[in-house]
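Trainee: I have a model open and want to learn how to read its features. Where do we start?

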Amino acid sequence: MVRTDIEARGVKDAAVLEAMRNTPRHAFVPEGLREQAYEDHPLPLIKGQTISQPFIVAVMTELLAPARTHRVLEIGTGSGYQAAVLSPLAQEVFSIEIVPELAHSAKSLLARLGYRNVQVLQGDGYQGWPEKAPFDRIILTAAPKDIPQTLLDQLKPGGRLVGPVGDGFFSQELVVVDKDSAGKLHRRSVLPVRFVPMVKP
Ligand code: SAH
């Protein structure tokens, strides 16, 4: 899957490709769907949520450009798959999930699989994680209408945020926001995407 669906379609970063190869996606997919774990499409989780398409996970991870010295915040833990992909690429990964059952199962699965530098918090991503801020990198895997100011405030100068933004399933784009050393924000759109909405509690 990594060779035919991810590398062949333009993801080049060797560390990202290695992280994708080493992450057992089947462990994050519901049992009845495991045969499809290495097909390049999203799969359903409980409560109407989804585990993202591997190609998009790889693209977003490459755009995020995490480093082994970085503290990374993820909004939308879901299955925990994206957090697992980030684990070997970052110093610490902090991931917030609003649905208690998902937060719970991702937390125990990640622990069971040995992802020791990943912490999961059940809570509202719109608040970020003030106790652990600031972050070098922030990745959203659910789409808000606009990028929450709280999250931009929790981003370090020199930091980067990557995520889907937009109102509704058909009008989202993947954006990259860089915060320069003076704290000024630079935003660009990369490609159209479809993510579940980032819900308000
Ligand atoms: N990254 C996940 C896929 C995420 S799907 C994976 O790799 O499997 C998006 C997730 O965002 C869902 O689990 C959804 O419950 C969660 N979510 C939606 N709104 C949220 C919010 N306000 N705060 C935290 N999580 C949220």
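Predicted model: local features only at pLDDT ≥ 70, side-chain atom pairs only at ≥ 80, totals over all residues.

Trainee: Which residues are closest to the ligand, and how many surround it?

Mentor: Begin with the shell. A residue belongs if one of its heavy atoms lies within 4 Å. Here 27 residues surround the ligand. Gly76, Ser79, Glu97, Gly125 and Val199 are the closest. By class, 13 of the shell residues are nonpolar, 11 are polar and three are charged.

Trainee: What lies 2.9 Å from a nitrogen atom of the ligand?

Mentor: For polar contacts, look for pairs of N or O atoms within 3.5 Å. In this case a backbone N or O atom of glycine 76 is 2.9 Å from a ligand nitrogen. Glutamate 97 uses its side chain: one of its N or O atoms there is 2.6 Å from an oxygen atom of the ligand. Aspartate 124 places a polar side-chain atom 3.1 Å from a ligand nitrogen.

Trainee: How much of the ligand does the protein bury?

Mentor: Compare the ligand alone with the ligand in place. Alone, the ligand exposes 590 Å². The protein buries 99% of that area.

Trainee: Which elements give two or more residues to the shell around the ligand?

Mentor: Two or more shell residues come from each of strand E2 (50-51), strand E3 (71-75), helix H4 (81-86) and strand E4 (92-97).

Trainee: What is the volume of the second largest pocket?

Mentor: About 250 Å³. It is lined by 15 residues, with Ala27, Phe28, Ser79, Ser105 and Leu109 closest to its centre. Nine lining residues are nonpolar, four are polar and two are charged. Note Ser79: this residue is also one of the closest to the ligand.

Trainee: Now the backbone. Which peptide bond is cis?

Mentor: Most peptide bonds are trans, and most residues other than glycine have a negative phi. Here the bond from alanine 133 to proline 134 is cis, with omega near 0 degrees. Proline 134 is in the loop between strand E5 (118-122) and strand E6 (135-140).

Trainee: What phi does lysine 47 have?

Mentor: A positive one, about 60 degrees, although lysine 47 is not a glycine. Find lysine 47 in the loop between strand E1 (43-44) and E2.

Technical notes: Residues numbered from 1 in each chain as written. Heavy atoms only, no water. Polar contact = N/O pair within 3.5 Å; in protein donor to acceptor, adjacent residues only side chain to side chain. Areas by Shrake-Rupley, 256 points an atom, 1.4 Å probe, with all protein chains shown as cover. Helix = DSSP H or I, 4+ residues; strand = E, 2+ residues; numbered from the N terminus. Nonpolar A, V, L, I, M, F, W, Y, C, P; charged D, E, K, R; others polar. 1 Å grid on protein atoms, 1.4 Å probe; cavity = no way out; pocket = protein on both sides within 12 Å on 5 of 7 lines; lining within 4 Å. Points joined across faces, edges and corners; volume = space filled by probe spheres on them.
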